[in-house]
Amino acid sequence: MISLAVDSADSYGGGCTTHFSALLLRSLAGRARLLDYPLLVRLNPAIPWKTRGNAAVVLRLSYEGKLSSLLEEAYELARQYGGDPGVAAIEGNPWRPELRALYHKALTAVVPKDVATSTLEALGGLWVGGKGVVGAIASLAALAPGDDHTYELLFYRRPEALGRERCVDSRRVLQVEASLPGITIFNYSPETLEETASPGGPDPVLAGFRGDVPGHLARFSEALCEEPALWAIFRSNQHTDAHAAPLTGELRPYSAGTLELELVEDPEVIPGGHVIVRGEGVEAAFYAETGVLNEASRLLVKGDRVRVLGTVRKRRRGVPVINAEKLWILELAEKKLELNPRCPRCGSRMESLGRGRGFRCRFCGYRGLEGKVTISLRRALTGEFTPRRLPNLVRPPWRRAQREFEPRTMKVEEILGP
Ligand SMILES: [Zn+2]
């Protein structure tokens, strides 16, 4: 088995690594067989210098020929395609511990280029290229046997359609969605009922439909009112919480992971509707745009224990801040409300005469030295919360991990068309 990985074969002007990989596969058809679906691998979402999405593609191939010539051929095509691509390749088992560790690091931290290249070289792997090299090398060990995974069916536009508005029928997306068991992921917004499968901008992607069962995704082609030029189906670490490892040590900017914290005060709502949740020496930001995630954070109180998944950004007033992508409620503090006592004569709520001076009833004139009463509020906050627009790696709360995968040899035409 040869694993061939490509990253950053794209640019802000258009193009996309998955689209390039589909073209590469087409040119390899007849000379190579696939031993797995092409793999769409998402890495650390906190990396700011990514082009859209920070995705790499890995091909597991049965290929007659030299590793180095395959690498050179892929790199030459990627360079012609655009961007600053990186290509990496390794023969044999790609899930050796060193490469696996590199993959996990690239999901949650910043991996220096020399660390990635020396790890690969020590195992006999090859690499070539620029900015995309780290992502390509780190992705080689993705989706090992037993890893949770999902699928995405991607449709690409005809060149003459680029620049025009995409045509994807939201009503048809909803109809297809409704006719399938609950195995699709975020192909429409439950709030606006608009399809969310098509990107904006000059991207060659017409639409990408995500779900747990590859066979069902083809049905979404019924929702396309624009003729695609090409389709390809990918296996992916998207929506698996692959980056949800505990953050440890110093919280460095551009790292990602989970952190448990106990609220040291009630959340603060700042201008714009964003919510700041403070723990001991750390803050978590819940942006207004995250919808239900932001709403859930407003219901927290001092003393609550939560787990936050997110990306660490630069310190604010000396304190590291996590941009929240997910919230788990671990333990709720008792929320208490202190009230003035009721009047023993007429039952109205009394007013205070000042500290230690008792209470007076405004209605019947009763005065007394009764104490304040404390009531406990019942709180119904439980479970997990995710943003309205589900980030690429975040697992929706209802989705169960899917770890079974039966590898088989596939012809390129099975996963690529027309
Ligand atoms: Zn009274």
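Visitor: Which residues coordinate the zinc ion?
Guide: In this predicted model, the donor atoms of the zinc ion are SG atoms at 2.3 to 2.4 Å. In sequence the donor residues follow the spacing C-x2-C-x14-C-x2-C. The residues that coordinate the zinc ion are Cys343, Cys346, Cys361 and Cys364.

Visitor: What is the geometry of the site of the zinc ion?
Guide: The site has four donor atoms, and the angles among them run from 99 to 125°. Four donors count as tetrahedral if all angles lie between 85 and 135 degrees, so the site of the zinc ion is tetrahedral.

Visitor: Is cysteine 346 buried, exposed or partly exposed?
Guide: Cysteine 343, another donor to the zinc ion, has a relative accessible area of 4% and is buried. For cysteine 346 the relative accessible area is 39%, and because buried means under 20% and exposed over 50%, cysteine 346 is partly exposed.

Visitor: How many residues of strand 13 are buried?
Guide: In a regular strand the side chains alternate between the two faces of the sheet. In strand 13, Val282, Ala284 and Phe286 are buried on one side, and Glu283 and Ala285 are buried on the other. Strand 13 is therefore largely enclosed by the rest of the structure, and its buried residues number five of the five.

Visitor: Which strand pairs with strand 13 in the antiparallel sense?
Guide: Strand 13 is joined by three bridges to strand 15, and these two run parallel, with glutamate 283 standing opposite valine 321. The antiparallel pairing has five bridges, and there valine 275 stands opposite phenylalanine 286.

Visitor: Which helix holds both arginine 79 and glutamate 76?
Guide: These residues form a salt bridge in which the closest N and O atoms are 3.2 Å apart. Arginine 79 is partly exposed at 47% relative accessibility, and glutamate 76 is partly exposed at 34%. Their positions are three residues apart, about one turn of the helix, and both lie in helix 2.

Key
Residues are numbered from 1 along each chain as its sequence is written. This is a predicted model: local features need pLDDT of at least 70, side-chain atom pairs count only at pLDDT 80 or more; totals for chains, interfaces and linings use all residues. Side-chain values use heavy atoms; hydrogens and water are left out. Donors are N, O and S atoms within 2.8 Å of the metal (3.2 Å for Na, K and Ca); water is not among the atoms, so sites may look incomplete. Four donors count as tetrahedral if all angles lie between 85 and 135 degrees; four count as square planar and six as octahedral if opposite donors are over 155 degrees apart and all others between 65 and 115; anything else is irregular. Buried means under 20% relative accessible area, exposed over 50%, partly exposed in between (1.4 Å probe, protein chains only). Helices (H or I, at least four residues) and strands (E, at least two) are DSSP runs, numbered from the N terminus. Two strands pair if DSSP finds at least two bridges between them. A salt bridge is a side-chain nitrogen of Lys or Arg within 4 Å of a carboxyl oxygen of Asp or Glu.
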